[in-house]
Amino acid sequence: MERFMRMALKMAELGRGYVSPNPLVGAVIAQGERIVGVGYHRRYGDKHAEVRALEDAGESARGGTMYVTLEPHNFHGHQPPCTEAIIRAGIKKVIVGELDPNPKVKGRGVRRLKEAGIEVVVGVLREEVRKQNESFFTFHEKGRPFVALKMALSADGRLADTHGHSRWITGPEARRKVHILRSYHDAILVGAGTVRADDPLLTVRLVFTERQPLRVVVSRSGKIPCNARIFSGDVPTLLLSVGNVPCDFPEGVEVERFSGDVWGILKALYRRGITSLLVEGGGEIFTVFLESVVDRIYLFMAPKFLGGKSGPFKKILPVSSPMEFLVEDVEKVGEDVLIHLVPPSKMEREST
C-alpha cells in the first residue's frame, strides 16, 4: 500500500503553487502490482486527481485499486463528484491517505464509496499527507491561514545594516528560492515600515507562476507612502490599517480597518479564503507573529557579518526561557543556508 501511496504523494506535489485554495491530491490506480493509471490535481478549477487517473487507466481501471492521497469529494463544485466517477469506472477498492477536513467532504466521500460496495481503507501515510497539505488542514481545522515567516539574516543575526538597508543580505540563489516560496502561498505580508524602508514589489518574478499572491500591508498608524510600488494596483493588494489612510488608491488596492492584532489580520484573510500566508517582515511584524502564532519559519542565513542591533525579534528573553523552535530541515541555497524551523508541538504531533 505504502509504495503506491508514496507515488501518489509525488504526483500530488506537481500541483504545488497551482491548486490553492484546493488541496494537493495525487492518485494511482493499480491492478495487483501493475500501475494502470496515474493523475494529479493540476490547477484550481481543473479536473481532480481521481478523474485524471481514471482517464489515464481507461477500461483497465475496472476491478482495480485506487490509491488517493485525500478523500474523494462527493458534491458538485467546480467539478462533479469524484466518488461517482470512481463508482462508474468499476474500481473495487480505494486506499485513502487521509479524510478531507473540509466540512463539505469529511467522511461523506468515504461513506458514498462504501454504500456503493467499494472497499475503503483510510489512513495510509496519513502524516505525510497532512504535512503536504498543511495549509489546507490548518485553514479548515483551525479556521485561519497557515502562517510561515521568511527571514533573511546575516551570520550575526541582523535583518539590515546600521543604515536600515536590507538589500541584499542573501545571494541570487536564495532570492530565487524566496520567489518559489511566494508562488506557493496565497498571500504575502509586510509591515508599513518595510514599505517605507524598502519600497518592495512583493511579487513573484524570478520563477514562473500562473497567479500572483495577494499583497498585504499592515499599518497601525495609517501613515504610509501613498505612491509606493506595492500600491500600483497591478496586483491585488490589501492594506489593513487601524488608523485612517489619507490615500486615493487605484482599483486593485483595498483598504480595510482591523483590530490591530495578529488575530484581526488572520480573520480578515480567512474571510477572503486565504489558506496560507508568508510573512516577510520587518522586525516589529516578526515579533508580533512570533508571540502569537507561527507554523513554520524559513530562515535564510548569509555568511556575512553586519554588526549593529537590527534583529528579527524586538524583545529580550532570558537564556533560561527562550522562544524555541525545532530544526526540521537544512539546505544549502547557493552561498547561503536555509533552515526550516517548526514549533515543538508540530514535531511532537508528527512523531506520535
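Reader: Which residues in α1 are buried?

Author: Keep in mind that this is a predicted model. A residue counts as buried when its relative accessible area is under 20%. In α1, that applies to Phe 4, Met 5, Ala 8, Leu 9, Met 11 and Ala 12. Seen down the axis of α1, the buried residues fall within an arc of 160 degrees, so they line one face of the helix.

Reader: What do the buried residues of α1 pack against?

Author: They pack against the strands β1, β2, β3 and β4, and against α5 (126–132).

Reader: What span should helix α1 have?

Author: Helix α1 covers residues 2–13, twelve residues, and at 1.5 Å a residue these should span 16 Å. The C-alpha atoms at its ends are 16 Å apart, which agrees.

Reader: Now the strands. In what order do they lie in the sheet?

Author: The order is β2-β1-β3-β4-β5, in an open sheet of five strands with mixed pairing. At the edges stand β2 (34–40) and β5 (119–122); each has a single partner strand, so one side of each is left without a neighbour in the sheet. On average, neighbouring strands of this sheet are turned by 15 degrees against each other, direction ignored.

Reader: How many bridges join β4 to β5?

Author: Four, and the two strands run parallel. Strand β4 takes in residues 93–98. Lys 93 stands opposite Glu 119 in β5.

Reader: Which strands does helix α2 lie across?

Author: Helix α2 (residues 49–57) lies across β1 (26–31), β2 and β3 (65–70). Its direction is at about 140 degrees to β2.

Reader: How is a pair of aromatic rings described?

Author: By the distance of the centres and the angle of the planes. A search of the whole structure finds four aromatic pairs. One of them is Phe 4 with Tyr 67: the ring centres are 5.0 Å apart and the planes are at 45 degrees, so the pair is tilted. Phe 4 lies in helix α1 and Tyr 67 in strand β3, so the pair ties together parts that are 63 residues apart in sequence. Phe 4 counts as buried at 3% relative accessibility, and Tyr 67 is buried with 8%.

Reader: What are the values for Phe 139 and Tyr 270?

Author: This pair is tilted as well, with 4.6 Å centre to centre and 35 degrees between the planes. Phe 139 lies in helix α6 (residues 134–142) and Tyr 270 in helix α9 (residues 262–271), so the pair ties together parts that are 131 residues apart in sequence.

Reader: Is each of the two buried or partly exposed?

Author: Phe 139 counts as buried, at 11% relative accessibility. Tyr 270, at 34%, counts as partly exposed.

Notes: Residues numbered from 1 in each chain as written. Predicted model: local features only at pLDDT ≥ 70, side-chain atom pairs only at ≥ 80, totals over all residues. Heavy atoms only, no water. Pairing = 2+ DSSP bridges. Axes fitted to C-alpha atoms, helices over the stretch in contact; angles between N-to-C directions. Contact = heavy atoms within 4.5 Å. Expected span 1.5 Å × (residues − 1). Buried < 20%, exposed > 50% of the residue type's maximum accessible area, 1.4 Å probe, protein only. Arc of directions from axis to C-beta. Phe/Tyr/Trp six-rings, centres within 6.5 Å; stacked < 30°, edge-to-face > 60°.
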